[in-house]
Amino acid sequence: MGKGGGCVPSKNKLQRTNSNNRSKAPEPVISGEPNSGATADRDANLATESTAAVQTLKIFIVFYSMYGHVEDLARRMKKGVDAVDGVEAVLYRVPETLSDEVLRQMRAPPKDDDIPEIASAAELPAADGLLFGFPTRYGCMAAQMKAFFDSTGQLWREQKLAGKPAGFFVSTGTQGGGQETTAWTAITQLAHHGMLFVPIGYTFGAGMFKMDSIRGGTPYGAGVFAGDGSREATETELALAEHQGRYMAAVTKRLAHG
């Protein structure tokens, strides 16, 4: 404090906020003599800026993967999201609807326990952005993912997901198996929830135009060709997934901060 009884800087109690509770910064707690109006305004602005700085946005990557192809894209997508400052990705599986016996007959590998199963659709409003991944079944999403979307009725009635950005990524068994139609038909889920579909367009750049190798992925989102289940994702397919993660993180961050 300077001579002449100047103002004592305030000690602001900053409240950390998460993506599901973006409360305004608390009023400054003033000690000593009252601040001038200008100083009080300055302290309030600093508190707001500091609160925004510590906030971490969450993008949920919610997927179903039978043979691991969609999971490979999801993991690489998380890497892209996490590369953007202030944004973090969380991986979730949707519940399996097939019996263990059927999965054995289909020679599906066991699920990785490191990725948790999402408890229920009620978890979704906690996300600032959402990326949904699934295999294609006859040009549409797999039944496991459809069953999960069918469980979001309460969220739909209350419009708890309205305004949230969301995107898709897929796998197909063949080159004409529905990499685009699967995204088209899935958009109806977002429309009824009032969510904002975020396609990647051609933002991947030159990689979207290469014709020298087989590559999944479209302007609607990342994709991989699985073949009979034995084909692994190429580096180009994985790089596109990573790009989609970064792109979605940037869009989510822009929307969150106005």
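## Packing of helix α6

The buried residues of α6 pack against β3 (129-137), β4 (140-141), α4 (143-150), α5 (153-158), β5 (165-172) and β6 (196-197). Helices here are DSSP runs of H or I with at least four residues, strands are runs of E with at least two, and both are numbered from the N terminus. Helix α6 spans residues 181-193, and its buried residues are Thr182, Ala183, Ala186, Gln189, Leu190 and His193. Buried means under 20% relative accessible area, exposed over 50%, and partly exposed in between (1.4 Å probe, protein chains only). Just after α6, Gly194 takes a positive phi of about 75 degrees.

This is a predicted model: local features need pLDDT of at least 70, side-chain atom pairs count only at pLDDT 80 or more, and totals for chains, interfaces and linings use all residues. Residues are numbered from 1 along each chain as its sequence is written, and side-chain values use heavy atoms, with hydrogens and water left out.

## Overall build

The protein has 7 helices and 7 strands. Along the sequence they follow the pattern α-β-α-β-α-β-β-α-α-β-α-β-β-α. Of the 258 residues, 42% are buried. A contact means heavy atoms within 4.5 Å. Among contacts between residues at least 6 apart in sequence, 74% join residues at least 24 apart.

## Nonpolar cores

A nonpolar core is a set of buried Ala, Val, Leu, Ile, Met, Phe, Trp, Tyr and Cys residues joined through side-chain atoms within 4.5 Å. The largest holds 29 residues, and Val62, Leu124, Leu130, Phe132, Phe134, Met145 and Phe148 touch the most other members. Elements β1, β3, α4, β5 and α6 each give this core two or more residues. A second, separate core has 28 residues, including Val87, Leu131, Leu240 and Met248.

Beyond its neighbours within four places in sequence, Phe134 is in contact with residues including Thr182 and Ala186. Other partners of Phe134 include Tyr64, Met141, Met145 and Phe168.

## Gly217 in its loop

Gly217 sits in the loop between β6 and β7 (223-225). Gly217 is buried, with a relative accessible area of 12%. Leaving aside neighbours within four places in sequence, Gly217 is in contact with Gln179, Ala222, Gly223 and Leu240. The C-alpha atoms of Gly217 and Gln179 are separated by 6.9 Å, although the two residues are 38 apart along the chain.

## Tyr67

Tyr67 lies in the loop between β1 (57-63) and α2 (69-82). Tyr67 is partly exposed, at 33% relative accessible area.
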